[in-house]
Amino acid sequence: MHRRLIQARIVNPLLGTDAIPLPEYATSGSAAMDLRACLSAPHTLQPGERLPVPTGLAINMMDPSLVAIVASRSGLSLKHGIRVAQGIGVIDADYHGEIKVLLTNDSTQAYEIQPGERIAQLMFQPVVQVGLHLVDQFDTTSERGAGGFGSTGSH
C-alpha cells in the first residue's frame, strides 16, 4: 500500500516517548490513526463536561485538496459515553497548530482520561471545493424532493 507523507511536528515533548507513542494505524486495514491524550497527569472529565485534550501533534498537509477529520473512538463512546463533542473535528489544510480533541462526557459517570490514552481517530480525506450557482429553481427533480427528516420512512 502506498502512503502519502505529510509533515508532522511534535509540539509537546511528552509525545513520541514510551509513555505517549506517536499516532499510528492500529492495523494494516485501519482507515484512521489513533490520537492519544498528551497529558502529564490524568484528567477527570465530569458528566456533561467538554474539554479540549491536547495531542502534542501539529500537521502540515500542504494541500488544500486534503482535510484531516478527527472522529470518536467507537469503544470509548459505547463503553464510557466519551466522544468528540462536535461530532467530528475538521482540520483544514492551512491549520498548523496543535491538534486538540474536544471531548465530551455524555454519561452520568465521571471518566478519567489517562496520559497516552487513545482518545480519537485521525482520518485524511479528499476535499472538493465548490462554488454556489444561485438559481430560482433546480434543473432536475428527485423522488425525495425537499422532504427532510424521516421523509423516506422508517423501514
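Q: What should be kept in mind about the model and the numbering?
A: The model is predicted, with local features requiring pLDDT of at least 70 and side-chain atom pairs pLDDT 80 or more, while totals for chains, interfaces and linings use all residues. Residues are numbered from 1 along each chain as its sequence is written, and side-chain values use heavy atoms, leaving out hydrogens and water.

Q: How many helices and strands are there?
A: The protein chain has one helix and ten strands; these are DSSP runs, with helices being H or I of at least four residues and strands E of at least two, numbered from the N terminus.

Q: And in which pattern, along the sequence?
A: The pattern reads β-β-β-β-β-α-β-β-β-β-β.

Q: Changing topic, where does Thr 55 lie?
A: Thr 55 belongs to strand β4, which covers residues 50–60.

Q: Is Thr 55 buried or exposed, and why?
A: Thr 55 counts as buried because its relative accessibility is 3%; buried means under 20% relative accessible area, exposed over 50% and partly exposed in between, with a 1.4 Å probe and protein chains only.

Q: What does its side chain reach?
A: The side chain of Thr 55 comes to 2.6 Å from the backbone oxygen of Ile 99.

Q: Which residues is Thr 55 in contact with, leaving aside neighbours within four places in sequence?
A: They are Leu 15, Leu 35, Arg 36, Cys 38, Glu 98, Ile 99 and Val 101, where contact means heavy atoms within 4.5 Å.

Q: Back to the whole chain: what share of residues is buried?
A: Of its 155 residues, 33% count as buried.

Technical notes
Polar contact = N/O pair within 3.5 Å; in protein donor to acceptor, adjacent residues only side chain to side chain.
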